[in-house]
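Colleague: Could you take a close look at the open sheet for me, and at what packs on it? Keep it simple, please.

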Amino acid sequence: MRAVSPADREPPTAVVLGAAGFVGRNVCDALSARGWSVAAVVRRGGTGFPPGCRTVRLDLLRSGATELAALLERERPSLVVNAAGALWNVTGEQLTEGNVTLVRRLADAVAGLPGPARLVHVGSAYEYGSQRAGTPLTEDLPEEPTSHYARTKLAGTRVLTEAVADGRLDAVVLRIAMAVGPYTPPDSLLGGIARRLAERPGELQLPPLAGVRDIVDVRDVADAVLRAADPPRVPPVVNVGSGTGVPLTEAVDTLVRVSGTSARVLRSPAPDRGQDARRDAGIGEEPLALTLARRELGWSPARTLEDGLAALWDTVPGRPGTPDTPHAPEDRPTTTTTSNPAVDGERIHG
């Protein structure tokens, strides 16, 4: 993995889009720790980043292609990380703008740079869709996305893989599983439950829970981004997950235990088969296959589920014994259909 040595005259530059989001914030932390000079692209604000990260304000959708290309031209990065994208609770048009149009614009901007730069794009395991039970989720598996979110994420992936195949671009898509860890967003399943636990309730009513998910620590995702920056050549798509399936009930039970709550936990009946109880319908229970990540990137997950949930709990504002500090950099907007869907990165991974 590339780390900056004293012999380096200047540290390499990385540009991180969606730097104020869940994945982007952790990527900035990891890059900074390795000595990179990081341009953290945010829409507004920009506090809470580590040393070595400087904020660059740009509304990625409203600014258009010219401004994005000019930003990259000024920064001259050797690495561009796209952790931006449209999230849930937005319109279909916003999903397309954040997950497809922005990716196409970014691919053109990176391809137009005078020097070499690798683009690492945060994709999603949702792109695989609900595959037949027992099917290994390898990168060459034909995708069968079922939701509009998953279809737009896959369309963005194909923009990049086609550009790589044409020789226009050096890029890799990291398809990440459900992620937890520092700054897990409150509109995710586990982030939302953690917020409620932080309120010290006497009773905690859980939502209906069913199914099994591959759950990865977001800091392992950030490590995978670092690994993807290094090799002379990278595959166009690489899975990044834990490689194991965890029942959602077990994940929630672990979070409740980590929190140390004395609340009485009330469980809701599991949803009927076929019922869309949660927004993550459209993803199967098979874990991601990690053979390619191990072989081509030298990457494997290093943290346990409990590690990720403990880090989630440690960054929940208002939890017992801590001041009510921001959940993430101050430029994270609330989730509404009127907010920019691309600036704060992938909030659905969790």
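Modeller: Here is a walk through the sheet and its surroundings. The model is predicted, so local features need pLDDT of at least 70 and side-chain atom pairs pLDDT 80 or more, while totals for chains, interfaces and linings use all residues. Numbering starts from 1 along each chain as its sequence is written, and side-chain values use heavy atoms, without hydrogens and water.

The open sheet has seven strands, in the order β3-β2-β1-β4-β5-β6-β10, with parallel pairing (strands are DSSP runs of E, at least two residues, and helices runs of H or I, at least four, numbered from the N terminus; two strands pair if DSSP finds at least two bridges between them). β3 and β10 (237-240) are at the edges with a single partner strand each, so one side of each has no neighbour in the sheet. On average, neighbouring strands are turned by 25 degrees against each other, direction ignored.

Now zoom in on β4 (residues 79-82) and β5, which pair in the parallel sense over four bridges. One of the bridge pairs joins Leu79 to Arg118 in β5. Helix α6 (residues 218-228) packs on the sheet, touching β4, β5, β6 (170-176) and β10 (contact means heavy atoms within 4.5 Å).

β5 (residues 118-124) also holds His121. That residue is buried, at 2% relative accessible area (buried is under 20%, exposed over 50%, partly exposed in between, with a 1.4 Å probe and protein chains only). Setting aside neighbours within four places in sequence, His121 is in contact with residues including Asn82, Lys153 and Val172.

Methods
Axes are lines fitted to C-alpha atoms, for helices over the stretch in contact, and angles run from 0 to 180 degrees between N-to-C directions.
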